[in-house]
Amino acid sequence: MAPVGLGLPIREYLLAGLTAAVVTFLLTGLVRVLALKAGAVAWPRNRDVHTTPTPRWGGLAMFGGVLAGIGLALQLPALRLAFDYSDDVLGVVIAAALLCGVGVLDDRWELDALTKLAGQITAAGVLVLFGIQWAVFWVPWGGGGQSSGSLLILGQSQGVLLTVLLTVALVNAMNFIDGLDGLAAGVGLIAAAATGLFAIGLVRQNGNDPSAYSPALLAAVLAGACLGFLPHNFNPARIFMGDSGSMLIGVLLAAATTGASGRLPISVTTDGTDVLALFAPVIVVAAVMFVPLLDLLMAVIRRTRAGTSPLSPDKMHLHHRLLEIGHSHRRAVLLIYLWAAVLAFGAVALALVDDPTAVLWAVGAGIVVAIVATVVPRDRALAAMRRGSPGRS
């Protein structure tokens, strides 16, 4: 346990995140020059939105920011406890470096889907080797008396399988939504911020136990890296994060959410008022990544029904559909930000706030606003033009 009198290290988390943001922002310009010289450039294709060649490798700058934030945390007395009590952060750094490296190669030479999948599974395996995996899962049946459910204790193989599946899903989900300027970075920032708030709430619920510090630290540095990259990447983008960045965001989110899931203090004999708390990890994971995972699921179904590979590219993602109905590039991105924020922060509030009724009303109002903003495009003439011509994806 943390020393008596030691408060929650909120300022330390913010400082680590700010360091990641500043370093990422400063490195991105250098990485852009490097990508141009190395030929890591995204040339416009039929399914792309951008019309001019744009350098990739933004994920390298983001990874540098993540390392800087973690390095600073290692020097801070409060956050150093996260490294003393577990090897979680070390395992995540290794997994992130592996996937970032695979992404760098793909951004330059376009690796095949199976090679990238092998890298994703290997990275997930690294997380498992360092003890980051699902161990328990709440189910709403099997309880007796006043119990509102029971805990399903996962065996080693079950925990490993669930962790690998979640990691691969999140990595590919972030990769799938990386189709508009600033979209993946913004959604990554929102998801990381929501996960960080949830993880900090768990630190408080665990009595400030340092063994619960790692998920919040990972979320803080990831949020910082996304924030630092956004000024370079928001429309019109001067650099893309590429697969090196989208896969980095996916694996860090998977590590933070999986790590947080094992830190929730759960009592097997809990009454019905604690159902939301029991189910909190699943709710938060699902809501934080609802938009990218929905896009991934729709793409897999769409391509399978068409008889093509689930990993084959097309121009029917959610962001493409928003463009087709008349939303501008920036408005489409902001709309997806809105959906992600309402669902992610709403789920975190349900898990941590004592008045779920008020939270549900607020989330419901947010969803209504998001629906109205989505279905009423600002430029109907633009929508008609896009539906009547091949245009850009």
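Mentor: Contact, a term that we shall need throughout, means heavy atoms within 4.5 Å. What you see above is a predicted model, in which local features need pLDDT of at least 70 and side-chain atom pairs count only at pLDDT 80 or more, while totals for chains, interfaces and linings use all residues. Residues are numbered from 1 along each chain as its sequence is written, and side-chain values use heavy atoms, with hydrogens and water left out.

Trainee: How many helices and strands are there in the protein?

Mentor: Helices (H or I, at least four residues) and strands (E, at least two) are DSSP runs, numbered from the N terminus. Counted in that way, the protein has 16 helices and 4 strands.

Trainee: What percentage of the 393 residues of the protein count as buried?

Mentor: A residue is called buried when its relative accessible area is under 20%, exposed when it is over 50%, and partly exposed in between (1.4 Å probe, protein chains only). Among the 393 residues of the protein, the buried share is 52%.

Trainee: Which residues touch the most other members of the largest nonpolar core?

Mentor: A nonpolar core is a set of buried Ala, Val, Leu, Ile, Met, Phe, Trp, Tyr and Cys residues joined through side-chain atoms within 4.5 Å. In soluble globular proteins, nonpolar side chains tend to be buried together. The largest such core here has 84 residues, and the members that touch the most others are Tyr-13 and Leu-217.

Trainee: Which helix supplies the largest share of this core?

Mentor: We are still speaking of the core of 84 residues in which Tyr-13 and Leu-217 touch the most other members. Its largest share is 13 residues, and these come from residues 183-205, that is, from helix α7.

Trainee: Is Ala-219 buried or exposed?

Mentor: Ala-219 is found in helix α8, which covers residues 213-233. Beyond its neighbours within four places in sequence, Ala-219 is in contact with Ala-192, Thr-195, Gly-196 and Ala-256. Although Ala-219 and Thr-195 are 24 residues apart in sequence, their C-alpha atoms are 6.3 Å apart. Because its relative accessibility is 3%, Ala-219 counts as buried.

Trainee: How many disulfides are there?

Mentor: A disulfide is a covalent bond between the sulfur atoms of two cysteines, and the rule used here asks for a pair of cysteine sulfur atoms within 2.5 Å. Cys-100 is buried, with a relative accessible area of 2%, and Cys-226 is buried too, at 0%. The disulfide count under that rule comes to 0.

Trainee: Which residues do the salt bridges join into one network?

Mentor: A salt bridge is a side-chain nitrogen of Lys or Arg within 4 Å of a carboxyl oxygen of Asp or Glu, and by this rule the count comes to 2. In one of them Lys-116 meets Asp-106 at 3.6 Å, N to O, linking helix α5 (residues 113-129) with helix α4 (residues 88-109). In the other, the closest N and O atoms of Asp-243 and Lys-116 are 3.1 Å apart; Asp-243 lies in helix α9 (residues 242-261) and Lys-116 in helix α5, so the pair ties together parts that are 127 residues apart in sequence. Through shared partners, these bridges make one network of Asp-106, Lys-116 and Asp-243.

Trainee: Which helices are included in what covers the buried residues of α5?

Mentor: Helix α5 has 17 residues, and it reaches 24 Å from its first C-alpha to its last, close to the 24 Å expected at 1.5 Å a residue, where the expected span is 1.5 Å times one less than the number of residues. Its buried residues include Lys-116, Gly-119, Gln-120 and Ala-123. The cover over the buried residues of α5 includes α4, α6 (156-177) and α9.

Trainee: What is the relative accessible area of Thr-52?

Mentor: Thr-52 lies in the loop between β1 (41-42) and β2 (54-55), and, apart from neighbours within four places in sequence, Thr-52 is in contact with Ala-42 and Pro-44. Thr-52 counts as partly exposed because its relative accessible area is 48%.
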